[in-house]
Amino acid sequence: MAKTRSQLQILLLQAREDEETSLEEINEFVSFSRLGRDQFTALNMFATPNFTPNCVEGYDAVFVGGSSDASVLAPEKFTFVEDCKKLLSYCVDQSVPVFASCFGFQVVVVALGGTVILDQAGMEIGTFRMELTAAAKTDLLFHDLPEDFWAIAGHKERALTLPTGTVNLAATALCPYHALKIPGKPFYGFQFHPELTRADLTKRLTRYCDRYLEHDQALQEIISTLRDTPEANELINKFIERILLS
């Protein structure tokens, strides 16, 4: 028997070093999933860098958040990247539903055999127009989106190649791979941030300004161009309804 919305339990993998941002991220996923806070269990990989794939047992889905603190290109420094890769590969094999955002998307790419690069010239910070690929037009989550929509992105690293067998669903002028799925599996990854709003990003950029921007004027310029991103935000609830509750 299918579960009801109130019965769902989500494991959220986080790569957040400060408690304030970690709590914000949890609340963002809670808000757009339309689930209760008690339905999310957070595993912060900075606090728990070693874990095994069977930690997903008892959960209906795994969500993976973003990170301004870690990089998949430095697994020797961020040792939890390897265990995260193993967990996501296990989810593919066992058809455990996955919704991975930004850093999570990049872990998915390298876990399944794709490549991620540092691309300072193609760095995206702000709201960007996502263009759907042909494959998105028949996808369970994307088919009823407009052909282009606004989403929040904040990254200096991006996928250079996607893993064999995955399907690209969205792109921007600077980043050719912004969303992927695995056909036949309840598995989605997003380079953009479906969980963030314009207000969330403003707060996050102000906090981390020195990590991404050269001066406060650049911060104000980005903030002045931000847009609302309702179509991107709704993808989280679509995942709940069309993947977990279908």
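**View 1. This structure holds 16 salt bridges.** A salt bridge here is a side-chain nitrogen of Lys or Arg within 4 Å of a carboxyl oxygen of Asp or Glu. Side chains of opposite charge can pair when their charged atoms come close. Before you zoom in, please note that this is a predicted model, in which local features need pLDDT of at least 70 and side-chain atom pairs count only at pLDDT 80 or more, while totals for chains, interfaces and linings use all residues. Residues are numbered from 1 along each chain as its sequence is written, and side-chain values use heavy atoms, with hydrogens and water left out.

**View 2. Arg5 and Glu241 form a salt bridge.** Their closest N and O atoms are 3.0 Å apart. The pair links distant parts of the chain, 236 residues apart: Arg5 sits in the segment before β1 (10-14), and Glu241 belongs to helix α7 (residues 230-244). Helices (H or I, at least four residues) and strands (E, at least two) are DSSP runs, numbered from the N terminus. Arg5 counts as partly exposed at 22% relative accessibility, and Glu241 is partly exposed too, with 40%. For these words, buried means under 20% relative accessible area, exposed over 50%, and partly exposed in between (1.4 Å probe, protein chains only).

**View 3. Glu25 meets Arg16 in a salt bridge.** Look for the closest N and O atoms, 3.2 Å apart. Both Glu25 and Arg16 are buried.

View 4. Lys137 is partly exposed at 48% relative accessibility, whereas Glu147 is exposed, with 57%.

**View 5. Nine strands form an open sheet with mixed pairing.** Follow the order β2-β1-β3-β4-β11-β10-β9-β6-β7. The edge strands, β2 (40-44) and β7 (148-155), each pair on one side only. Two strands pair if DSSP finds at least two bridges between them. Neighbouring strands of this sheet are turned by 25 degrees against each other on average, direction ignored; axes are lines fitted to C-alpha atoms.

**View 6. Strands β6 and β7 run antiparallel.** Strand β6 (residues 124-132) is joined to β7 by 8 bridges. One to look for connects Ile125 with its bridge partner in β7, Gly154.

Terms used. Axes are lines fitted to C-alpha atoms, for helices over the stretch in contact, and angles run from 0 to 180 degrees between N-to-C directions.
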